[in-house]
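Hi,

Here is the structure I promised to pass on. Please open it first, then read my notes below.

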Amino acid sequence: MTSNREIHLASRPVGWPTEDDFRLVETDVPTPGPGQIVVRNQYLSVDPYMRGRMNDVKSYVAPFALDAPLDGAAIGEVVASEAADIAVGATVLHGLGWREYALLDATAARPVDPSIAPVSAYLSVLGMTGLTAYAGLLEVAAMKPGETVFVSAAAGAVGSLVGQIAKLKGAGRVVGSAGSPAKVERLRALGFDAAFDYHDGVRESLRAAAPDGVDVYFDNVGGDHLEAAISAMNLHGRVAICGMIAQYNATEPSAAPRNLALVIGKRLTLRGFLVNDHNDVRTAFVRDVAGWLRDGTLSYDETIVDGVENAPAAFLGLLRGDNLGKMLVKV
């Protein structure tokens, strides 16, 4: 192959992105220099945090540049190498997705063993997604056996793992919210004790699903979900704030939560986190998750869209909630 297709950011969205904000560009397949490798990407990850990077604002990670390829987690096969430590044919994880071929320094790639699990799993349950669920629940929220856990966007890549890990670690009750009856049924099949469609009303549904209150809330949504969780929290409850997807495309400030004063009397802890701050638990994460996958006690879902040219559509579908589990693009 001599041609390489990649997705560029054509314009910065205002509110909801559209396909017009992206551009498919054809370039030459790159040639590696000393210490570099070329990877033929097999799967690309699209993730909610990428919406924030489309805005030209200061954040914990640099914004995407206009008229340049977007980036994100990807996995693929090394097809050319000028690096001593990574040979042609190796399968590697790296951060230059949204393109068919990626040129990068070998030090920026992490070799993985494709015989252990399907390569796509390294972008979901065995990758950043899984570690986010594990660290957020057990380290940030410090869940204890017997506690009641509420997870929003629970049918998504992170949320579905949070609920299952909570049960495996001894939670007394696990409740999830999702965006359709089919997703609610999937949560019940995954072992959630209760699940509800948030379109039926978050506050009322959560009160019915967790009548004795909530000890841990894993927040992927923000807004009305966070407000409902604060109302339902027990004394000394903890909130691990992973994302606020309900607000990513908003053009006006969110009205909720309007009950933050309850944080004082309930002595709640609300803590935001980034997965990269918790690499110290990676060994325990790999040990636990690999064991659960081997014995079949942990399941994971993937929604796969074919073709790099369809990466923008996959991303927009993710923001709409079209996915079950991890949204991936097969290159």
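**Helix α4 and its surroundings**

In helix α4 (residues 181-189), the buried residues are Lys183, Val184 and Leu187. Looking down the axis of α4, these buried residues fall within an arc of 105°, so they line one face of the helix. An α-helix has 3.6 residues a turn, so residues three or four places apart point the same way. Pro181, Ala182 and Ala189 are exposed on the other side of α4. Keep in mind that this is a predicted model.

What covers the buried residues of α4? The cover includes β9 (173-178) and β10 (194-197). Just after α4 comes glycine 191, with a positive phi of about 105°.

**The cores**

The largest nonpolar core has 48 residues. Ile75, Leu137, Val149 and Ile165 have the most contacts inside it. Elements giving two or more residues to this core include α4, β9, α3 (157-168) and β11 (214-219). Helix α2 gives the most, with seven residues.

Valine 149 is worth a click. Leaving aside neighbours within four places in sequence, valine 149 is in contact with Leu137, Met143, Ala166, Ala171, Arg173, Val174, Val175 and Val216. Another core, of 20 residues, lies apart from the largest one. Among its residues are Leu9, Val46, Leu319 and Met327.

**Valine 263**

Valine 263 lies in helix α7 (residues 262-265). Not counting residues up to four places away in sequence, valine 263 touches Leu268 and Leu270. Valine 263 and isoleucine 116 are 147 residues apart in sequence. In space they are 44 Å apart, C-alpha to C-alpha.

Best wishes

Methods. Residues are numbered from 1 along each chain as its sequence is written. This is a predicted model: local features need pLDDT of at least 70, side-chain atom pairs count only at pLDDT 80 or more; totals for chains, interfaces and linings use all residues. Side-chain values use heavy atoms; hydrogens and water are left out. Buried means under 20% relative accessible area, exposed over 50%, partly exposed in between (1.4 Å probe, protein chains only). Helices (H or I, at least four residues) and strands (E, at least two) are DSSP runs, numbered from the N terminus. The arc is that of the directions from the helix axis to the C-beta atoms. Contact means heavy atoms within 4.5 Å. A nonpolar core is a set of buried Ala, Val, Leu, Ile, Met, Phe, Trp, Tyr and Cys residues joined through side-chain atoms within 4.5 Å.
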